[in-house]
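Hello,

Here is the structure I promised to pass on. My notes on it follow below.

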Amino acid sequence: MNRKNESYQAHAPSRRQFLKTASAASLAAWPIGSTTAKAASKSERLRFALIGCGGNGTRTSPVGKEFADLVALCDVDKSHLQRGNELLCDGKADLYSDYQQILQRDDIDMVQISTPDHWHTKILVEAMLAGKDAYCEKPLTLTIDEGKLIRRVQKETGRVVQVGTQQRSSFDKFNKALAIIADGRLGNLKKVTVRINAGGWSPEIPLADVPSGLDWDRWLGPAPKADYRFLKSPNNKWYTNGHTHFRWWYQYSGGKLTDWGAHHIDIGLLGIAAAGLNDQPVSVSGTAMHDVPFVDGVPQQDDRYNTAREYDLTVKFAGGDVEMNIRHDGDRGILFEGDQGRIFVNRGKLVGKPVEDLAHDTLPDDAIAKIYRGMPMEGNDRPAHWANLIHCINTRQLPIANVHSHMRSLHVCHLAGICCRLGREIRWDPQAERVIGDELADSMLARPYRSGYEIQM
């Protein structure tokens with residue numbers, strides 16, 4: 001990150017955005033399951049661009065198209081652009097290889113950022129400065145210091161940013177679980193176990209020719225210069241340091257800890273807060289296993305996946321009343337344990353005696369609505385998450401997965417990663433947002449950007 005150039009002039013909302021706030025009153029009245037947003041006239045609908053047309057981009061943007069018009073696509077891989085255009089826009093979208101050309105367009109209201117993780121912060125900060133609202137895939141950042149910058153720019157520009165942690169908009173599973181906790185059905189919450197499965201494994205991956213149409217240098221962007229690697233095994237599995245598999249390289253991501261951790265650790269922390277307990281982390285400790293050697297937190301091999309594959313970590317909090325255990329084994333999901341009961345929740349189920357007891361002892365009618373901050377509950381899961389974004393763009397509220405609350409959860413994910421890489425306890429000052437008594441660990445809160453790819457402030 002370029003720390004020398006942090007001054008800038010905040011951009012005011014565009015003229016188009018001011019005109020669109022007229023629909024705020026109707027959006028605020030959405031009942032659960034209504035289709036009000038989808039029925040908006042063509043002149044009222046927002047226009048958005050998709051930046052990153054790979055897996056998550058093509059999975060998520062069709063939901064966004066129910067609420068807004070997708071008019072432009074951007075990717076550094078020509079094959080992704082062509083496939084995305086046909087799949088999402090009937091071949092009619094405006095196509096770009098440089099996202100900054102999209103940010104220069106006054107007729108685009110928001111962007112969806114679905115690039116690999118190491119590109120998120122640069123694009124999002126520049127988009128907010130250009131007057132764009134945004135939907136950004138999780139994890140929002142590659143480092144904790146990137147989150148500090150994003151939070152500051154959001155406050156100064158007033159842009160609306162929804163992070164793609166759509167479990168926050170799951171009313172029948174995750175929000176219901178949080179409502180059960182908030183209603184005291186578990187008694188005093190004592191332990192939260194977050195299981196996110198093991199990280200990826202690879203054999204040695206040889207150097208390979210860059211695929212035709214892929215701008216590899218621009219794909220790397222802010223990350224260190226690296227040669228392209230690719231291997232296709234006899235059983236038709238493939239391994240690379242590029243598309244899809246970027247999650248297993250610390251250069252571009254944080255492994256499972258910032259992948260599924262950004263979802264499930266997030267819900268675990270929301271559960272702690274729902275129980276009325278202090279959710280500010282003060283330490284992360286435990287053990288981890290990598291497939292490559294590390295020196296001072298830096299992987300010493302560059303020919304195979306290097307993020308943690310196994311882990312058993314303990315997070316302690318300022319209040320001292322509850323602990324979180326982050327594990328690679330067992331059924332993926334979150335187990336909340338109190339002195340009067342326990343519940344387990346993931347995307348497929350919400351179980352436990354307190355859940356069964358709802359059959360004869362129901363939650364208050366507004367229990368889930370309170371968890372959702374009283375905002376309209378349109379649909380469920382990802383459609384609800386997009387509906388919440390559109391509602392907040394029109395009302396200028398902070399969305400349910402805003403950058404400030406998301407970074408509180410991502411702090412735990414990133415600190416857990418630093419703990420794994422260094423193999424020692426990390427103590428954290430949640431007020432100063434610095435590591436205590438460990439200069440090397442504290443230096444890992446930031447990473448330099450490659451020359452030519454600094455954030456344009």
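Arg396 is partly exposed, at a relative accessible area of 30%. (Buried means under 20% relative accessible area, exposed over 50%, and partly exposed in between, with a 1.4 Å probe and protein chains only.) Arg396 sits in the loop between α13 and α14 (403-422). Its phi is near 65°, a positive value in a residue other than glycine. Asp381 also has a positive phi, near 55°. Asp381 belongs to helix α13 and counts as partly exposed at 33% relative accessibility. (Helices, H or I with at least four residues, and strands, E with at least two, are DSSP runs numbered from the N terminus.)

Before going on, note that this is a predicted model: local features need pLDDT of at least 70, side-chain atom pairs count only at pLDDT 80 or more, and totals for chains, interfaces and linings use all residues. Residues are numbered from 1 along each chain as its sequence is written, and side-chain values use heavy atoms, with hydrogens and water left out.

Strand β4

Strand β4 covers residues 110-113. Both of its faces are covered. Met110 and Gln112 are buried on one side, Val111 and Ile113 on the other. β4 runs parallel to strand β1 (residues 46-51), joined by four bridges. (Two strands pair if DSSP finds at least two bridges between them.) In that pairing, Ile51 stands opposite Ile113. β4 also pairs with strand β5 (residues 133-136), again in the parallel sense and over four bridges. Here Met110 faces Asp133.

Helix α3 (residues 55-64) has buried residues Gly57, Thr58, Thr60, Ser61, Val63 and Gly64. They pack against β1, β2 (68-74), α4 (78-89), β4, β5 and α13 (381-395).

Salt bridges

Side chains of opposite charge can pair when their charged atoms come close. The count here is 34 salt bridges. (A salt bridge is a side-chain nitrogen of Lys or Arg within 4 Å of a carboxyl oxygen of Asp or Glu.)

Asp133 and Arg159 form one of them, at 3.2 Å from N to O. Asp133 lies in β5 and Arg159 in the loop between α7 (144-157) and β6 (161-163), so the pair ties together parts 26 residues apart in sequence. Asp133 is buried, at 0% relative accessibility. Arg159 is buried too, at 1%.

Arg195 and Asp329 meet at 3.0 Å, N to O. Arg195 is partly exposed at 24%, and Asp329 is partly exposed at 27%.

Arg450 pairs with Asp217, the closest N and O atoms being 3.0 Å apart. Arg450 lies in the segment after α15 (439-443) and Asp217 in helix α9 (residues 216-220), so the pair ties together parts 233 residues apart in sequence. Arg450 is buried at 16%. Asp217 is partly exposed at 27%. Salt bridges that share partners also join Arg47, Asp94, Arg105 and Asp107 into one network.

The nine-strand sheet

What is the strand order in the open sheet of nine strands? It is β17-β16-β15-β7-β14-β13-β10-β18-β19, with mixed pairing. β17 (350-351) and β19 (434-435) are at the edges, each with a single partner strand, so one side of each has no neighbour in the sheet. Strands β10 (residues 281-289) and β13 (residues 310-317) run antiparallel, joined by eight bridges. Met289 stands opposite Glu310 in β13.

Around Thr258

Thr258 is in the loop between β9 (238-240) and α10 (260-274). Thr258 is buried, at 3%. Leaving out residues up to four places away in sequence, Thr258 touches Asp117, Lys138, Pro139, Ser253, Cys413 and His414. (Contact means heavy atoms within 4.5 Å.) Two of these are linked by a cis peptide bond: Lys138 to Pro139, with omega near -10°. Pro139 lies in the loop between β5 and α7.

Best wishes
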